[in-house]
Amino acid sequence: MKSTREMLQSEEFRRLVSRRWTVSIVLLVCLFVLYYGYILLIAFNKPFLAQKIGEYTTLGIPLGVGVIVGSWVLTAIYVVWANGHDVEVARLKDQVKK
Amino acid sequence: MSPAPAVQTAVQTSLGHPTASAIGFFFVIVVLTLAITYWAAKKTRSAKQFYAADRSVSAFQNGLALSGDYMSAASFLGIAGLVSLKGYDGMIYATGWLVGWPALMFLIAEPLRNLGKYTFADVVAFRLKQTPVRIASAIGGVLTVLLYTIAQMVGAGNLIKLMFGIKYELAELIVGAVMLAYVLFGGMIATTWVQIVKAILLLCGVTFLTILVLSKFGFNPANLYAAVAQDAKLGQAALEPGGQVSNPVDAVSLGLALMLGLLGLPHILMRFYTVPDAKAARKSVLYATGFIGYFYIIIPIVGFGAAVLVGRDVISGIDKGGNMAAPLLAELLGGTPFLGFIAAVAFATILAVVAGLTLAGASALSHDIYLNVVKHGTATEAEQVKVAKISTVVFGICAVLLGFLFKTQNVAFMVGLAFAVACSANFPALLLSIVWKRFTTAGAVASILTGAILAILLIIISPTVWVDVLKHEKAIFPYKNPAIFSMTASFLVAFLVSLMSKDDRAQAMFEDEKLRTYLGIGAE
């Protein structure tokens with residue numbers, strides 16, 4: 001068992017916090033790249049999005065859908081990671097004196 | 001104004017006349033939601049029940065309720081209309097509206113749930129001085145909610161007038177009265193369930209409409225796009241990006257507002273207190289992102305379907321903004337009963353969203369201002385609930401009056417403004433209070449006020465107001481969306497003022513706050 005002070009100063013807790021923010025920031029950067037990549041393509045390279053991939057369907061359509069699906073996938077990745085992370089959270093929580 | 005279509009068209013529509021099926025469906029939905037309210041009223045005694053549904057909402061239910069709060073009639077009718085009239089450019093909107101959800105998840109969903117009680121101001125004020133921070137947060141919060149509410153009320157009045165042919169003012173009063181009943185008697189429990197019912201109806205209705213559209217094209221979207229490309233009025237250009245994103249600074253700024261504004265919308269943030277713990281909060285975001293993403297993926301199919309099957313002239317003949325594209329398509333494919341159903345669902349959508357906004361606005365007034373500033377945190381349960389209900393009525397009346405006042409305002413602009421204020425005033429203070437040890441009371445207040453004032457000021461001198469509304473020759477501020485400047489300024493002010501001021505208590509409490517933020521120790 002640890003006092004709150006000991007827990008706050010423990011290596012384990014610090015690692016837990018820094019790991020949480022590392023995962024968040026990495027996923028956030030992925031989200032920015034995904035969304036702004038799409039927006040900047042629209043701004044600077046319209047012909048790229050206008051090229052046909054089927055008889056009439058343009059590349060822009062699946063890419064737009066891709067941004068939406070990609071956002072959801074990033075959210076799902078976070079949840080899967082966080083479920084594992086919860087085990088460590090619960091372990092540390094139990095170590096703190098009530 | 002006569003609700004009859006302005007142009008002669010081949011399509012006969014009963015839109016604009018209250019048909020038996022529309023009234024019937026509307027009646028069923030209102031009775032159902034009032035029954036929910038009656039059931040919820042018996043469970044709404046304490047402040048925790050009124051504001052946070054007793055923290056008994058499951059992750060799945062909250063996911064539906066969150067998506068219900070976000071999928072407003074404006075996004076349903078608006079994006080379908082935009083795609084039908086502008087083609088691919090309408091789709092760009094749909095993507096922008098979703099990207100805030102992952103950001104909400106990564107940055108604040110769990111800390112928000114662990115640190116707060118009923119409002120996001122609980123988190124900002126956690127270790128800072130209550131009175132100034134609560135007042136500033138309430139200003140930011142109420143401002144955001146009011147702007148959002150005006151957009152919903154104005155949209156509601158106009159849509160109901162178009163669909164049922166009843167007067168704008170009467171429509172406002174009906175929305176005001178019914179949603180007040182939900183919030184006043186059923187609190188968050190009723191508001192949540194009304195939101196869930198509406199989200200399910202909306203998702204089912206739009207899914208059915210999409211299936212009907214695809215059935216006309218052999219269940220292959222490629223055939224739909226082929227029909228769009230071959231249509232004389234639409235052509236291949238409708239499937240390509242056009243002039244939507246012409247100014248990259250504006251596009252980046254709008255993206256920031258949409259993405260980070262979500263993290264400052266009080267009615268969305270409040271929903272995280274209705275679930276039992278941080279894990280449920282996290283799961284509910286995943287569900288919400290799934291529902292909303294699905295909705296935004298199928299809405300363009302409805303829009304393109306309307307453009308091909310109903311035709312652009314008919315759609316813009318009835319409403320210039322294209323808002324009636326989806327209802328017209330529903331009537332064409334499913335007859336008057338389906339139009340009635342879609343119209344009733346759009347009405348229910350408005351009711352539910354306004355109810356959620358009213359509850360958020362009322363909680364800022366009663367919980368943040370009355371309880372924590374006037375009463376310094378000491379009021380009995382009965383007193384808290386009473387004040388919460390009075391605030392609800394006050395906010396509800398304001399919503400209806402503002403609806404009258406802003407009758408002719410552009411709805412999309414009001415929503416844009418709400419998001420700009422949310423990401424500039426509320427979001428920086430919320431994030432910094434969670435992650436930055438040196439953040440001080442003075443820094444928080446300065447940041448919130450700077451963000452709010454600058455966002456509004458820049459919009460007034462932007463082309464949207466300065467040129468379009470005030471009819472000046474040239475805008476002082478060249479961009480339509482101020483987020484990139486006002487949010488940056490809000491963060492800068494927060495840093496500078498915090499570094500110049502001292503808040504020893506806040507610094508000392510930061511370490512203890514961490515246990516609650518990251519381990520959930522002591523969370524409500």
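**Close-up views of a two-chain predicted model**

View 1. Among contacts in chain A between residues at least 6 apart in sequence, 64% join residues at least 24 apart, where two residues are in contact if their C-beta atoms, placed from the backbone, lie within 7 Å. This is a predicted model, in which local features need pLDDT of at least 70 and side-chain atom pairs count only at pLDDT 80 or more, while totals for chains, interfaces and linings use all residues. Residues are numbered from 1 along each chain as its sequence is written, and chains are lettered from A and ligands numbered from 1 in the order in which they are written. Chain A has 4 helices and 0 strands, helices (H or I, at least four residues) and strands (E, at least two) being DSSP runs numbered from the N terminus. The radius of gyration of chain A, taken over C-alpha atoms, is 21 Å, well over the 13 Å that the globule rule (2.2 Å times the number of residues to the power 0.38) gives for 98 residues, so chain A is more spread out than a compact globule. Along the principal axes, the C-alpha atoms of chain A fill a box of roughly 65 × 20 × 15 Å. Of the 98 residues of chain A, 23% count as buried; a residue is buried if 20 or more other C-beta atoms, placed from the backbone, lie within 10 Å of its own, exposed if 12 or fewer, and partly exposed in between.

**View 2. Chain B as a whole.** Chain B has 22 helices and 0 strands, and buried residues make up 64% of its 524 residues. The radius of gyration of chain B is 23 Å, which agrees with the value near 24 Å that a compact globule of 524 residues would have. Its C-alpha atoms fill a box of roughly 70 × 55 × 40 Å, taken along the principal axes.

**View 3. The side of chain B that touches chain A.** Here 43 residues of chain B are in contact with 45 residues of chain A. α14(B) gives the most to this side of chain B, with 10 residues. By class, this side has 29 nonpolar, 7 polar and 7 charged residues, where Ala, Val, Leu, Ile, Met, Phe, Trp, Tyr, Cys and Pro count as nonpolar, Asp, Glu, Lys and Arg as charged, and the others, Gly among them, as polar.

**View 4. Helix α6 of chain B.** The elements that give two or more residues to the side of chain B touching chain A include α6 (100-107). In α6(B), 8 of the 8 residues are buried, so this helix is largely enclosed by the rest of the structure; among them are Trp101(B), Met105(B) and Phe106(B).

**View 5. The crossing of α10 and α14 in chain B.** The axes of α10(B) (residues 168-215) and α14(B) come within 9 Å and cross at roughly 40 degrees. The contact between the two helices includes Leu203(B) and Val206(B) of α10(B) and Phe291(B) and Phe295(B) of α14(B), and its residues divide into 12 nonpolar, 3 polar and no charged.

**View 6. Arg271 in a loop of chain B.** Arg271(B) lies in the loop between α13 (266-269) and α14 of chain B, and with 29 C-beta neighbours inside 10 Å it counts as buried. Leaving aside neighbours within four places in sequence, Arg271(B) is in contact with Asn62(B), Ala65(B), Leu66(B) and Asp69(B).

Conventions. Axes fitted to C-alpha atoms, helices over the stretch in contact; angles between N-to-C directions.
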